[in-house]
Amino acid sequence: MPPVWRELGDVRVTIVGSHPPREVQALASPLVDIAGWVEDLQPLLDQSRLMLAPLRYGAGLKGKITQALSVGLPVVTTAIGAEGLDGADGEFVLVAEESQELADHVVRVYRDDELWRRLSRAGQELVERQCSLVVLSERLRWLLEEAPSVVAESATTL
């Protein structure tokens, strides 16, 4: 955040996640709120300009990232954070690995209203196409009804 603060001034940051370690708790300041576990993220998402998710480990689609995208909140993240979002970098989210590049992306999204609007729309469209209740219901139906017969047919050909 220091490079972001140098460029944008007093931008407040809220760190969300259960059981923050002591080194994260020590970051608390007038500009850094350590929220810990949050039951309902919606109010926080509603008052935020973007989500920064500098994830270094994890697998699969990240729920908090797709939740942010679903409400039109642009996301800056790492390749790990963008896993499962096909064609994500630059189209739906901004992806970087180094802290300075992450900071540069944050500054760009804060300053560029057109970029903010484009990422907001694209993120919502992506979630609708890949993660909506209709899409997930259809995938679940397929898994429960058709996948067992596909697996059984494959096993008999071995």
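Biologist: Which elements do the buried residues of α5 pack against?

Modeller: In this predicted model, the buried residues of α5 pack against α1 (2–8), β3 (51–53), β4 (75–77), β5 (94–95) and α6 (113–131). Those buried residues are Leu102, Ala103, His105, Val106, Val107 and Val109, and the helix that carries them, α5 (residues 99–111), has 13 residues and reaches 18 Å from its first C-alpha to its last, close to the 18 Å expected at 1.5 Å a residue.

Biologist: His105 stands in that list, so how should I read it; is His105 buried or exposed?

Modeller: The term buried is applied under 20% relative accessible area, and His105, with a relative accessible area of 11%, is therefore buried. Not counting residues up to four places away in sequence, His105, which lies in helix α5, touches Val76, Leu94, Val95 and Ala96.

Biologist: How does one describe the packing of two helices, and at what angle do α5 and α6 pack?

Modeller: Two packed helices are described by the angle between their axes and the distance between the axes. For α5 and α6 the angle is about 100 degrees and the axes are 5 Å apart, which makes α5 roughly perpendicular to α6. On the α5 side, Arg108, Val109, Tyr110 and Arg111 take part, and they meet Asp113, Leu115, Trp116 and Leu119 in α6; the residues of this contact divide into five nonpolar, no polar and three charged.

Biologist: At what angle do the axes of α6 and helix α7 cross?

Modeller: The axes of α6 and helix α7 (residues 133–145) cross at roughly 25 degrees and come within 5 Å, and because angles under 35 degrees count as roughly parallel, α6 and α7 are described as roughly parallel to each other. Here α6 contributes Glu128, Arg129, Gln130 and Cys131, while α7 contributes Leu133, Val135, Leu136 and Arg139; this contact of α6 with α7 divides into four nonpolar, one polar and three charged residues.

Key. Residues numbered from 1 in each chain as written. Predicted model: local features only at pLDDT ≥ 70, side-chain atom pairs only at ≥ 80, totals over all residues. Heavy atoms only, no water. Expected span 1.5 Å × (residues − 1). Buried < 20%, exposed > 50% of the residue type's maximum accessible area, 1.4 Å probe, protein only. Contact = heavy atoms within 4.5 Å. Axes fitted to C-alpha atoms, helices over the stretch in contact; angles between N-to-C directions. Parallel < 35°, antiparallel > 145°, perpendicular 65-115°, else oblique. Nonpolar A, V, L, I, M, F, W, Y, C, P; charged D, E, K, R; others polar.
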